Amino acid sequence: MATCVCVVLRVGAAALKPVATHCSRQRLRVCIPHRFTHGVRSSLYEHAVEGYSDRPELDMRTVCEQTDKVIANVENRKGDLRGDDVRTIVSVWQELQAVRSEISELEKQKTHISHTVKALVTSHDKKALANLPEYSQALQKGREIRSRLNELYTKETELDRKHYGRALRLPNSTHPDVPVGDESLAKVVELVGEKPEFDFTPKGHVELGEELGLIRQRHLSHISGHRSYYLRGAGARLQIALQNFALDTLQQREGCGMQPNAHRSQVYSLDPARFPDLNLAGTGEVGIAGYFMDHAVNWKDLPVRTVCSSTCYRAETDTGREAWGLYRVHHFNKVEMFGVTADETGEESSRLLEEFVSLQKEMFSALELHYRVLDMPTQELGPPAHRKYDIEAWMPGRNSYGEISSASNCTDYQSRRLNILYERDDGSLQYAHTVNATACAIPRTIIALLETHQTKEGTVRVPRVLQPYLGLDVIGKPKYTPLKYIGPNQQTRPPRPAPRAR
């Protein structure tokens with residue numbers, strides 16, 4: 001089993017876009033408009049057409065042979081695709097295959113005619129050729145075939161674009177045990193630990209963070225706008241402590257060192273005039289998947305387990321939800337697990353998913369949190385996910401559970417789009433399965449820690465496993481005087497300094 005550690009510390013790292021390889025056919029290297037006819041753009045397809053990557057090999061056999069099952073799956077999932085779209089995908093694919101079949105046959109005829117003409121030219125002089133009926137007929141037939149092929153090439157290009165424009169948006173298949181429906185139907189798989197009990201009214205993390213000098217979120221509009229924050233003092237050290245704790249925990253285990261799943265509105269795009277097709281990554285999964293793209297892993301090294309620490313960016317455009325605090329912020333640090341498995345029995349990725357969830361539980365239990373594991377229903381699965389578990393920690397200040405982690409089995413959904421394969425002993429290639437899981441989303445874990453381990457005195461007890469990283473067993477109130485806000489928009493603003501006499 002391979003061990004791989006990936007630590008990404010570059011701030012503002014752009015999402016690694018699936019780069020495209022050489023087209024299988026040069027004739028398809030055409031100018032692609034910025035948007036497909038159905039209004040959804042696919043950078044993955046465009047990069048493939050431009051020759052930077054192979055075209056995604058989607059499992060169209062299943063879509064065509066089990067169309068009703070695929071339609072039912074699409075209807076059960078979130079997204080803008082519906083049953084009629086699946087039927088259109090099948091229709092376009094069948095038409096595309098018919099066109100390609102005709103092209104293949106005509107290209108064979110074209111080659112045969114070319115050989116015939118060459119043989120006639122070799123065995124006859126120019127004067128004799130002019131009066132040779134079979135020579136004239138071959139030339140005429142060749143012209144007709146070339147004309148027809150030019151028509152078919154154009155049609156193939158258009159059908160190819162239409163096919164990928166829709167088919168790339170098909171969701172993964174769904175595990176049969178996944179609940180069908182919305183978030184309210186999530187199935188509690190396990191409850192771990194006990195809810196903390198207090199003989200006082202517990203505070204929320206923002207109040208605690210401000211009193212302890214850990215968090216500043218007020219008066220930041222001039223810096224970075226809404227949903228921004230500072231972690232300072234022990235708060236900044238707590239972030240690093242959690243990150244290092246997660247990395248060390250995962251690397252100590254034998255064999256263990258994300259197109260973001262989020263909706264498009266969650267993605268930060270860079271200035272398209274200067275950086276076309278570049279976005280800020282919403283999860284470390286994007287970069288790790290890009291690392292494996294267009295590569296084959298030796299099957300003896302499987303499963304490959306990777307851990308990555310990176311800064312993530314989310315637009316969080318729904319400002320009505322969790323508008324204050326660290327629960328929904330624009331940027332945060334996260335430790336992510338990503339695995340690549342074989343697909344010989346069909347169970348390898350399911351086992352790795354369970355292993356990742358077990359690691360998550362080990363870390364959150366070590367942090368002395370009360371949490372629950374949920375088997376998420378169909379409408380909560382992103383398109384790549386075959387099955388997804390969420391872990392929600394109890395957050396006393398919110399008086400509710402809050403998601404702090406998730407783990408998804410993506411089977412061959414990502415590998416077929418990004419050409420992630422493994423090589424068997426005989427040299428044959430097979431599409432791998434991929435699994436991803438959050439090891440530690442720093443801000444939300446900080447929320448759970450502060451609110452769970454707060455004391456009546458207003459301090460926060462540090463879990464034993466974090467004490468070596470933080471160098472503290474209790475986070476107490478700072479001894480310095482907090483900064484005093486003297487800016488605008490306050491009822492009694494202190495006078496500005498008078499001019500100095502010089």
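These are my notebook entries on a predicted model of one protein chain.

**Entry 1: the whole chain.** I began with the secondary structure and found 13 helices and 17 strands. Next I looked up burial: 48% of the 502 residues count as buried. The accessible surface comes to about 25,800 Å². Carbon and sulfur atoms hold 50% of that surface.

**Entry 2: helix H12.** Which residues of H12 are buried? I went through residues 442-452 and found that 11 of the 11 are buried, so this helix is largely enclosed by the rest of the structure. The list runs Ile442, Pro443, Arg444, Thr445, Ile446, Ile447, Ala448, Leu449, Leu450, Glu451 and Thr452. I noted that Arg444 and Glu451 are among the buried ones.

**Entry 3: the second largest cavity.** I then turned to a cavity. I sorted the lining residues by type and got 8 nonpolar, 1 polar and 1 charged.

**Entry 4: Met293.** Where is Met293 found? I traced Met293 to the loop between helix H9 (284-292) and strand E7 (295-298). Is Met293 buried or exposed? Its relative accessible area is 5%, so Met293 counts as buried, the cut-off being under 20%. Last, I checked Met293 against Ser415: the two are 122 residues apart in sequence, and their C-alpha atoms are 7.8 Å apart in space.

Notes:
Residues numbered from 1 in each chain as written. Predicted model: local features only at pLDDT ≥ 70, side-chain atom pairs only at ≥ 80, totals over all residues. Heavy atoms only, no water. Buried < 20%, exposed > 50% of the residue type's maximum accessible area, 1.4 Å probe, protein only. Helix = DSSP H or I, 4+ residues; strand = E, 2+ residues; numbered from the N terminus. Areas by Shrake-Rupley, 256 points an atom, 1.4 Å probe, with all protein chains shown as cover. Nonpolar A, V, L, I, M, F, W, Y, C, P; charged D, E, K, R; others polar.
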